[in-house]
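Open the model in your viewer and keep the selection tool ready. This tour goes stop by stop.

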Amino acid sequence: MTTRSLPKTLGAASMRRLLKLPKKHDLPVTAIVAHVTDLASGETFFDIAFRGEDGSRKSIRVPREIVRHHPAKMRDLLSKFGAALPTDQKKLEALTKKLSTDDAPNWLVVAPTLGWQQSRKAFVAHSRILGENGDGSSAGCPKLIPPGPDDARSTAAMRQCGNLASWKRDVVETATYSSTIALSLSVAFAAPLLSVVDWPTFMVVLFGPGKVGKSTAAIACACCVDRPLISSRSASPWRLAH
């Protein structure tokens, strides 16, 4: 994990919630909103929220050592991404000094991989955590979050499109007419259970002549990850979002 190549958009309401501020409280121009630990590498970061010169609110993930020990580098990063920093030198130095000593109101840990974590107490999908402390509710424990597109290239092409009702209508109903698609869907749902029953991984190979639905079945299987992934750019329910 490295400094984000692009800032993440952050609304005023989200920033207020992260900073645990009341609704009518003025938002700071720049503030640390979370301490982040990458479980894969052990590196630590701070998520810094800021107001841009265009009025938008964004956040950027910065290595902890830069925030704590290299305020000039931190200031340059914020400036690079359009933060509305003070033009007065003394105010700018005061701001960077405050950021270098502030505590983070939130503690996040980035899961090292998708799949089961914490002795199967949590399952990491591409966009959410199923199970223990996915909402950060366990007292004294950090909130577990999935690897983002910047942290795991395997999740960059994934997004939720559609809903459970449309998936049942467009995918499951169609599968009742194809044993190949039904098998592929079963494989997708069975995969996370292999470690539970202590089975080794294995491969299912679809073999047959062209135009019998092999590719369609594979894409139907892929759309079971987390939630149905149906491309909004195509009317076809089988086209996985790229």
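Buried means under 20% relative accessible area, exposed means over 50%, and partly exposed is in between (1.4 Å probe, protein chains only). This is a predicted model: local features need pLDDT of at least 70, side-chain atom pairs count only at pLDDT 80 or more, and totals for chains, interfaces and linings use all residues. Residues are numbered from 1 along each chain as its sequence is written, and side-chain values use heavy atoms, with hydrogens and water left out.

**Stop 1: salt bridges**

Select Asp170. Its relative accessible area is 22%, so Asp170 is partly exposed. The term stands for a side-chain nitrogen of Lys or Arg within 4 Å of a carboxyl oxygen of Asp or Glu. Side chains of opposite charge can pair when their charged atoms come close. Arg169 has 46% relative accessibility, so Arg169 counts as partly exposed.

How many salt bridges does a search of the whole structure find? The search finds four.

Go to Arg75 and Asp76. Their side chains meet in a salt bridge at 3.7 Å, N to O. Arg75 is partly exposed, at 25% relative accessible area. Asp76 is partly exposed too, at 45%.

Next, select Lys98 and Asp102. Here is another salt bridge. The closest N and O atoms of this pair are 2.8 Å apart.

**Stop 2: Asn106**

Select Asn106. It sits in the loop between helix H4 (89–101) and strand E5 (107–110). Helices (H or I, at least four residues) and strands (E, at least two) are DSSP runs, numbered from the N terminus. Is Asn106 buried or exposed? Asn106 is buried, with 18% relative accessibility.

Show the neighbours. Leaving aside residues up to four places away in sequence, Asn106 touches Leu18, Lys20, Val33, Ala34 and His35. Contact here means heavy atoms within 4.5 Å. Look at Val33: its backbone oxygen lies 2.7 Å from a polar atom of the Asn106 side chain.

**Stop 3: two positive phi angles**

Stay with Lys20, one of the residues that Asn106 touches. Lys20 is in the loop between helix H1 (12–18) and strand E2 (30–38). Its phi is near 60 degrees, a positive value in a residue other than glycine. Lys20 is exposed, at 58% relative accessible area.

Finish at Asp198. Find it in the loop between helix H6 (179–190) and helix H7 (214–222). Phi of Asp198 is positive, near 60 degrees, and the residue is not glycine. Asp198 is exposed, at 68%.

Terms used. Polar contact = N/O pair within 3.5 Å; in protein donor to acceptor, adjacent residues only side chain to side chain.
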